[in-house]
Amino acid sequence: MFYILAGLVAGFYASMVIGFWLAVRRFGKLHTAYREDEQVFHLDVVGVFWALLVPFWASYDLLGVRLPFMAAEAFSSWQCVLFAIVGAIAAVTMGYFNARERFTNPTHAGMAESALRYLAARQIITAAEVAHVLRTVPLPVAKGIAK
């Protein structure tokens, strides 16, 4: 029962993250968004990793699936449930602090709208930074032309 609840929570979060980045890719701006704001992408990858730990711990407990480097003695069932719940909570917490306003409308059209708002905000921020630099940094070429 706990695995199902934790899996639903973590799966919902992972589907929102993956849907968002697929929408950014559909707009053709994935590489630009990744270069300009790589921290958001990397933290989303970490959040999806935390979400993927939920089915891992469920399969470890229910099916006995182990990784080669894991300890020889098996974890008990309550430990696996605890690890799965911690993974789901960590994924949702990562999404809460990293998502900003990206996942306010998690429908198919809402993900495209969120991706478009994200890309537009990145362009507005870049334009504001360029305008600030042009106002504050003296350009020697402009002084030579003005004389």
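Because the model is predicted, local features need pLDDT of at least 70 and side-chain atom pairs count only at pLDDT 80 or more, while totals for chains, interfaces and linings use all residues; side-chain values use heavy atoms, with hydrogens and water left out.

**Helices α1 and α5**

- Helix α1 spans residues 2–26 and helix α5 spans residues 108–136, where helices are DSSP runs of H or I with at least four residues, numbered from the N terminus.
- The two helices, α1 and α5, pack at an angle of about 60° with their axes 8 Å apart, the axes being lines fitted to C-alpha atoms over the stretch in contact and the angles running from 0 to 180 degrees between N-to-C directions.
- Among the residues that meet across this pair are F20 and W21 in α1 and S114 and Y118 in α5, contact being defined as heavy atoms within 4.5 Å.
- L22 lies in helix α1, and its C-alpha atom is separated by 9.0 Å from that of A115, which is 93 residues away along the chain.

- S114 counts as buried at 2% relative accessibility (buried is under 20% relative accessible area, exposed is over 50%, and partly exposed is in between, with a 1.4 Å probe and protein chains only), and S114 touches F20 and R102 when residues up to four places away in sequence are not counted.
- R122, also found in helix α5, is buried with a relative accessible area of 18%, and R122 is in contact with E36 and D37 once neighbours within four places in sequence are left aside.

**The salt bridge**

- A search of the whole structure finds one salt bridge, a term for a side-chain nitrogen of Lys or Arg within 4 Å of a carboxyl oxygen of Asp or Glu.
- E113 forms a salt bridge with R117, and the closest N and O atoms are 3.8 Å apart.
- Because E113 and R117 are four residues apart in helix α5, they are separated by about one helical turn.
- E113 is partly exposed at 42% relative accessibility, and R117 is partly exposed at 37%.

- M1 is placed in the segment before α1 and is exposed, with a relative accessible area of 71%.

Notes
Residues numbered from 1 in each chain as written.
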